[in-house]
Every structure is written in structure tokens, then in C-alpha cells.
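Let's take a walk through this structure together. Have a look at the model first, and then we'll go through it piece by piece.

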Amino acid sequence: MKKGILIIGAGGVSRVATHKCAINIETFEKITLASRTIAKCEMIQTEIKERHNVNIDVACVDADDIPSLIKLIQIVNPKQVLNVALPYQDLTIMDACIATGVDYVDTANYEHPDEAKFEYKEQWAKHEDFKKANINGLLGSGFDPGVTGVFCAYAAKHYFDEIHYIDIMDCNAGDHGYPFATNFNPEINLREVSSNGRYWEEGSWIETKPLEIKIDHDYPEVGVKPSYLLYHEELESLCKNIKGIKRIRFFMTFGESYIQHMNCLQNVGMLGIKEVEHKGQKIIPIEFLATLLPDPASLGERTVGKTNIGCICEGIKDGVKKKIYIYNICDHQECYKETGAQAVSYTTGVPAMIGSKLLYNGTWKNKGVFNIEEFDPDPFMEELTTQGLPWKIIEID
């Protein structure tokens with residue numbers, strides 16, 4: 001009989017998700033943490049034993065190799081796989097879950113390693129294979145995507161007859177003290193930010209130049225911050241799953257120093273994703289850059305300040321126009337005290353655990369592949385309040 005959760009990946013998000021699964025061990029029964037780098041798993045294993053007195057197992061696996069994944073899943077025999085590895089590895093892990101008949105959860109959609117483009121198309125294409133295997137696939141159970149989709153579904157269920165406009169607002173007002181660093185995987189972060197922006201309006205996608213559209217937004221308890229329009233993966237699913245939507249956009253805050261550093265790195269070719277030859281060796285510039293930059297998992301102790309991530313939803317209720325702002329505020333140092341990670345990892349790792357928990361205990365069940373906003377939002381919202389990510393709703397005139 002299948003039992004327990006297999007967590008694949010051992011970065012900052014995994015650290016939080018694994019800690020939170022250990023805190024909720026009465027649900028998950030047994031935890032196995034696997035990564036290509038076993039030393040990272042062992043470090044998290046030791047932390048969890050010291051902080052929570054919970055024993056977890058660790059294993060080594062190459063998440064790019066389907067036979068290795070299948071072998072590990074067969075040995076561990078889990079009820080569920082939580083993928084917090086790189087988005088490049090979504091498809092291989094999904095295929096391994098199909099082959100072994102195990103439920104699947106992830107936090108970010110598939111991105112091809114050789115192309116700066118991320119989309120759900122190839123993951124959605126596995127829907128019938130998941131149904132035939134009689135397993136559940138939950139896509140995007142992080143914060144954005146993840147909680148933002150749940151916020152929108154909750155607003156649609158309780159506050160609107162139709163939502164017409166959504167702006168997803170992501171602010172990290174934390175300070176790590178470095179001249180330049182990324183708060184999550186540098187390759188994913190810099191590819192995302194340096195790409196063209198896109199938003200969905202009246203049935204079509206509108207493309208913009210990188211960071212072309214800027215607004216100054218007043219984030220509750222944080223203040224006014226410059227916010228730039230990006231393309232983000234949850235737009236792709238929300239524009240088809242939220243009834244009545246006419247426009248949906250995503251904005252993220254960046255400081256001037258971050259933008260200057262990124263532009264400089266891009267201008268000299270350091271954000272390149274194609275191989276170049278250097279002194280007889282083949283290297284990929286952005287991978288080399290990631291080696292030089294501070295490890296995001298190491299930022300927790302030195303990062304201070306808050307994050308504020310939420311959704312501004314505008315639509316109709318009982319024939320009257322209505323507008324609400326639903327958001328979460330998270331403190332970097334409080335996150336570090338609990339899990340040893342900063343708030344960007346925390347706000348992704350906690351929802352990863354919550355989505356896994358709701359699937360594991362049968363609260364959410366639907367055979368096939370689904371995005372998070374396609375499930376009942378209420379139990380997820382309840383879990384947020386007890387697992388460290390309380391939310392607020394304000395009505396806007």
C-alpha cells in the first residue's frame with residue numbers, strides 16, 4: 001500500500017515545504033527527500049530532526065532521468081510526489097508518476113532549458129494519461145502561481161458574479177544586503193524578468209518589451225513601490241478558468257539597482273542560454289552566472305523586510321460594480337526563525353505543502369491534470385491562516 005510523500009528537490013522552497021510537511025506529519029505519515037545533491041537533503045534532514053523531532057528519509061536521484069525516477073518511486077512507494085525541483089524537470093517527473101500511479105504536485109509550470117519560454121501546454125497534454133493512470137495532478141501550488149489562483153477562485157466564489165479585471169501584485173520589499181542577488185533560482189528568475197512582458201485582454205495576448213510598463217503601487221504595510229508588468233504563468237490558466245474575465249495582468253517590484261545590474265549582465269551576454277566556448281570548454285553563460293551569485297537558499301539569515309503579494313479583483317456582484325484587494329504579508333525574519341529560509345522561499349514552500357496536504361487527505365480529488373484555481377478554494381484558504389500565511393481582504397471604492 002502506498003504511503004507517505006516523496007519530495008524531489010532540495011533548494012530553499014524544498015527546505016520550507018519539507019519543514020512544513022514534518023510539522024504536518026500526522027497527515028503525510030512518512031517523508032522522503034530526494035535530490036541530485038544528497039548533502040543538501042542530509043542538511044535538511046538534520047534540521048528537521050533538531051527542530052521538529054521528526055525523522056525523514058533521504059535519497060539521491062537525477063530528476064532528468066525517467067528510469068531513475070521510476071526506480072526511486074518504486075522503492076519509496078509514496079502516495080504522492082511533490083516536485084520542487086527545477087521547472088525544466090516537470091515533464092520527466094510527471095512521466096514517472098504516470099508510470100508508477102502516484103499523485104503529482106508542483107509549484108511552477110514547465111520551462112524548456114534551451115528556450116526562455118514557459119507554458120502549461122505540455123503539462124496539460126498529460127491530462128488523459130493521468131486519468132488513465134487514475135491519479136491526480138495539481139499544477140502550480142506555490143504562491144504565484146498558487147495562492148494567487150486560490151485568491152481569485154475565492155473572490156469569484158464569495159464576492160463576485162463575474163470578475164472582469166485582475167491585477168496580480170507581487171512585492172518583495174526585503175533587503176539581503178548584497179549589491180545583486182536573486183531570491184530564487186537565478187536562471188529562472190533572470191530568464192523570467194528579462195523576457196518580453198505579456199498580458200491577456202479581451203480574448204488575446206498583448207506583448208510588451210521587458211519592463212516597458214511601470215506603475216507605482218501602494219502595497220499595504222509596505223508602501224509605494226515601482227512595479228513592472230511581466231508575463232507570469234498563472235495568467236495562462238486564470239484567463240480560461242475565471243468566469244467573465246476581460247483582462248488579467250501581473251506586476252512585480254524591482255529596485256533600480258536590480259534593474260541596472262540585470263541590464264548590464266544582459267548587455268554583455270551573461271543572460272545567454274546557448275552554449276559558448278570558453279578556453280576550450282563549453283559553458284552556458286546564465287548557468288555560470290548562477291554559480292557566481294549568492295545561493296538563494298543562503299539569504300534567509302541576512303534578509304530583512306516584508307513581502308506583500310495579492311490580487312486586485314474588479315467585477316460585478318448583483319448588478320453592482322465591486323473591487324477588492326486580497327493579499328498576504330510575510331516577514332522575512334519570522335520565516336527564517338521558523339524554517340531557516342527567507343520569505344520568498346517560505347511563500348512558495350508553505351502553499352506547496354498545503355496543496356499536497358489537501359490532495360493527500362482527499363479533500364481535493366479529481367483524476368487528471370488541473371490548475372489550483374479549479375479546486376474548491378475554501379479549504380486552502382483555511383489552511384493558509386493556520387500554516388503561516390494569513391490573508392486580508394479590503395474593499396476598494
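Does Asp378 count as buried, partly exposed or exposed? Keep in mind that this is a predicted model. Asp378 counts as buried, because its relative accessibility is 18% and the cut-off for that word is under 20%.

Asp378 forms a salt bridge with Lys157, and the closest N and O atoms are 2.9 Å apart. Since Asp378 lies in helix H15 and Lys157 in helix H8, the pair ties together parts that are 221 residues apart in sequence. Lys157 also meets the side chain of Asp376 in a salt bridge, at 2.9 Å from N to O. That pair links distant parts of the chain as well: Asp376 sits in the loop between strand E17 (368–371) and helix H15 (377–387), while Lys157 belongs to helix H8 (residues 147–158), 219 residues apart. As for accessibility, Asp376 is partly exposed at 35%, and Lys157 is partly exposed at 43%.

Now go to another salt bridge, the one between Lys317 and Asp161, where the closest N and O atoms are 3.7 Å apart. Here Lys317 is in strand E15 (residues 306–317) and Asp161 is in the loop between H8 and strand E7 (162–172), so to speak two distant parts of the chain, 156 residues apart. Lys317 counts as partly exposed, with 29% relative accessibility, and Asp161 counts as partly exposed with 36%. If you'd like a network, find Arg36, Asp62 and Asp64, which are linked by salt bridges. The count for the structure comes to 15 salt bridges.

While you're at strand E15, stop at Thr307, which lies in that strand. Thr307 is buried, at 2% relative accessibility. Leaving aside residues up to four places away in sequence, Thr307 touches Cys171, Asn172, Asn328, Ile329, Cys330, His332, Ala343 and Thr347.

Next comes the nonpolar side of things. In soluble globular proteins, nonpolar side chains tend to be buried together. The largest nonpolar core here has 84 residues, and Ile166, Leu190, Ile248, Phe254 and Phe380 are the ones that touch the most other members. The biggest contribution to this core comes from helix H14 (residues 343–360), which gives nine residues. Apart from this core lies another one, of 23 residues, with Ala34, Cys97, Tyr104 and Ile135 among them. Back at Ile248, the neighbours are Ile166, Ile168, Tyr199, Trp200, Leu235, Leu238 and Cys239, not counting residues up to four places away in sequence.

What is buried in helix H9 (186–194)? The buried residues of H9 are Pro186, Glu187, Ile188, Asn189, Leu190, Arg191, Glu192, Val193 and Ser194. That makes nine of nine, so H9 is largely enclosed by the rest of the structure. Its buried residues are covered by elements including strand E11 (223–230), strand E12 (247–253), H11 and H12.

In helix H12 (residues 285–292), the buried residues to look for are Pro285, Ile286 and Leu289. These three are on the same side of H12, because they cover an arc of only 90° around the axis. An α-helix has 3.6 residues a turn, so residues three or four places apart point the same way. The buried residues of H12 pack against helix H9, helix H11 (256–267), strand E13 (276–278) and strand E14 (281–283).

Let's finish with the rings. The structure holds 14 aromatic pairs. One of them is Phe143 with Phe151, an edge-to-face pair with 6.1 Å from centre to centre and 85° between the planes. Phe143 counts as buried at 1% relative accessibility, and Phe151 is buried with a relative accessible area of 0%. Elsewhere, Phe180, Tyr228, Phe254 and Tyr258 are joined into a cluster by ring pairs. Arginines meet rings as well: Arg198 lies over the face of Trp205, 4.9 Å from the ring centre, and Arg302 lies over the face of Tyr178, 3.8 Å from the ring centre.

Technical notes. Residues numbered from 1 in each chain as written. Predicted model: local features only at pLDDT ≥ 70, side-chain atom pairs only at ≥ 80, totals over all residues. Heavy atoms only, no water. Core = buried A, V, L, I, M, F, W, Y, C linked by side-chain atoms within 4.5 Å. Buried < 20%, exposed > 50% of the residue type's maximum accessible area, 1.4 Å probe, protein only. Helix = DSSP H or I, 4+ residues; strand = E, 2+ residues; numbered from the N terminus. Contact = heavy atoms within 4.5 Å. Phe/Tyr/Trp six-rings, centres within 6.5 Å; stacked < 30°, edge-to-face > 60°. Lys NZ or Arg CZ within 6 Å of the ring centre and 35° of its normal. Arc of directions from axis to C-beta. Salt bridge = Lys/Arg side-chain N within 4 Å of Asp/Glu carboxyl O.
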